[in-house]
Amino acid sequence: MPIVTPAAAVTLDEIEMRVLQIPLVSPFTTSFGTETVREVIIVRARTSDGVDGWGEIVTQNAPLYSSEYTQGAWDVATRWLGPALQQRGTFPPEEIPEILEPFVGHRMAKAGLELAALDAALRTEGRSFASYLGAERVMIPSGVSVGIQSDPAALVETVRGYLDEGYVRIKIKIRPGRDIDDTAAVRAAFPDIPLQVDANSAYTLADADTLAQLDRFGLLLIEQPLQEDDIVDHAALAQSLKTPICLDESITSVKAARDALALGSTTVINVKAGRVGGYLEAVRIADLCEGAGIPVWCGGMLETGIGRAANAALAALPAFTLPGDVSASARFYERDIVTEPAVLEDGHVRVPTGPGLGVEIDADALDAFTVAREALRR
Ligand code: OSB
Ligand code: MG
């Protein structure tokens with residue numbers, strides 16, 4: 001459902017951005033690298049009413065998942081995007097995509113600013129982000145994304161730990177050389193669990209025979225096997241696999257989603273607000289897929305409690321028919337920057353219902369993880 005009631009107009013007197021470095025509870029390894037610290041940009045937008053809204057720019061330290069990265073996002077947000085919003089004066093947050101449209105790309109940076117403005121507007125109104133988006137669930141089923149481990153046996157034990165905690169769906173990361181044996185080991189240990197794999201663009205069409213070996217494991221889907229711009233090759237690969245393809249990196253907008261569906265490049269879509277330039281565009285993609293009968297699920301970018309609350313609200317929309325990567329905060333962090341981090345309750349995460357994102361910032365934690373900050377004033 002499109003957003004029914006627009007959010008209150010805001011004037012962004014101050015936009016403060018901080019780079020945070022938050023230690024991870026364990027290293028997170030994907031086909032593109034290993035992270036031990038989550039570097040992320042937190043945005044605080046203060047309105048002329050004195051209300052603070054919070055957002056998160058989900059770039060990583062290096063441009064490995066996509067072309068965006070922390071210092072690039074910092075530069076474009078402080079130099080171009082933030083000033084453009086402040087120069088616009090007073091506007092409803094729904095105008096943000098159009099205000100920022102002239103600046104090409106930089107979708108994660110745009111998404112973080114949009115979220116901060118939406119949070120500020122909704123806190124002003126006393127309305128929750130979940131009800132604003134049209135969420136219909138109070139709890140969402142929680143899946144977990146498991147990084148590449150030292151060997152398949154270690155992977156099985158890590159997966160066992162998450163299953164014991166109650167996660168309802170497992171996603172394992174794969175890369176060339178760490179694919180078939182890893183998946184086979186997990187499937188042999190847990191014959192009936194909902195299981196999927198994520199390649200993060202690590203293969204080419206020449207690997208189609210290897211990827212076809214995954215067909216025997218009864219996977220829910222294979223996420224982003226080929227490169228971001230391989231829309232035609234993904235369509236060809238889809239013809240040769242039984243396992244459904246789910247695009248992540250390739251789906252950068254509702255238009256990209258429409259193109260990929262038209263070409264048969266994907267039959268499931270991972271919706272990530274950062275990757276598509278914001279939660280408003282994410283809802284448009286969800287609406288498109290709902291209308292087309294395409295299942296969607298909410299992806300993640302190791303969000304702090306801010307982005308995690310927003311993702312829980314998004315995942316509570318009716319279009320989201322598969323469990324997403326919205327796990328408990330403790331899956332990544334010993335200490336989060338919100339006072340009540342998301343927890344797992346019987347395999348589910350609760351959708352916040354308070355004003356705006358419905359989470360409060362732990363100011364001490366925020367300060368403790370801050371390595372850089374800058375405020376833009378109107
Ligand atoms: O491809 O989904 C991905 C994390 C960082 C970058 C890309 C991805 C991921 C994850 C983790 O898989 C999802 C999460 O739990 O936040
Ligand atoms: Mg992915």
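The model is a predicted one.

The structure holds 3 cavities of 30 Å³ or more. The largest cavity has a volume of about 220 Å³. It is lined by 26 residues. Closest to the centre of this cavity are F28, S145, G300, M301 and L302.

What takes up the space of the largest cavity? Ligand 1 does.

Now turn to the residues around ligand 1. There are 17 of them. S145, K173, D198, N200 and L302 come nearest. S145 and L302 are also among the residues closest to the centre of the largest cavity. Sorted by class, the shell around ligand 1 has 7 charged, 6 nonpolar and 4 polar residues.

Some side chains come within reach of oxygen atoms of the ligand. An N or O atom in the side chain of N200 is 2.7 Å from an oxygen atom of ligand 1. For the side chain of D198, the distance from such an atom to a ligand oxygen is 2.9 Å. For the side chain of D248, it is 3.1 Å. On its own, ligand 1 has 390 Å² of accessible area, and the protein covers 100% of it.

Last comes the place of the ligand in the overall fold.

Key. Residues numbered from 1 in each chain as written. Chains lettered and ligands numbered in written order. Predicted model: local features only at pLDDT ≥ 70, side-chain atom pairs only at ≥ 80, totals over all residues. Heavy atoms only, no water. Near = heavy atom within 4 Å. Polar contact = N/O pair within 3.5 Å; in protein donor to acceptor, adjacent residues only side chain to side chain. Areas by Shrake-Rupley, 256 points an atom, 1.4 Å probe, with all protein chains shown as cover. 1 Å grid on protein atoms, 1.4 Å probe; cavity = no way out; pocket = protein on both sides within 12 Å on 5 of 7 lines; lining within 4 Å. Sits in = over half its atoms within 2 Å of the grid points. Nonpolar A, V, L, I, M, F, W, Y, C, P; charged D, E, K, R; others polar. Points joined across faces, edges and corners; volume = space filled by probe spheres on them.
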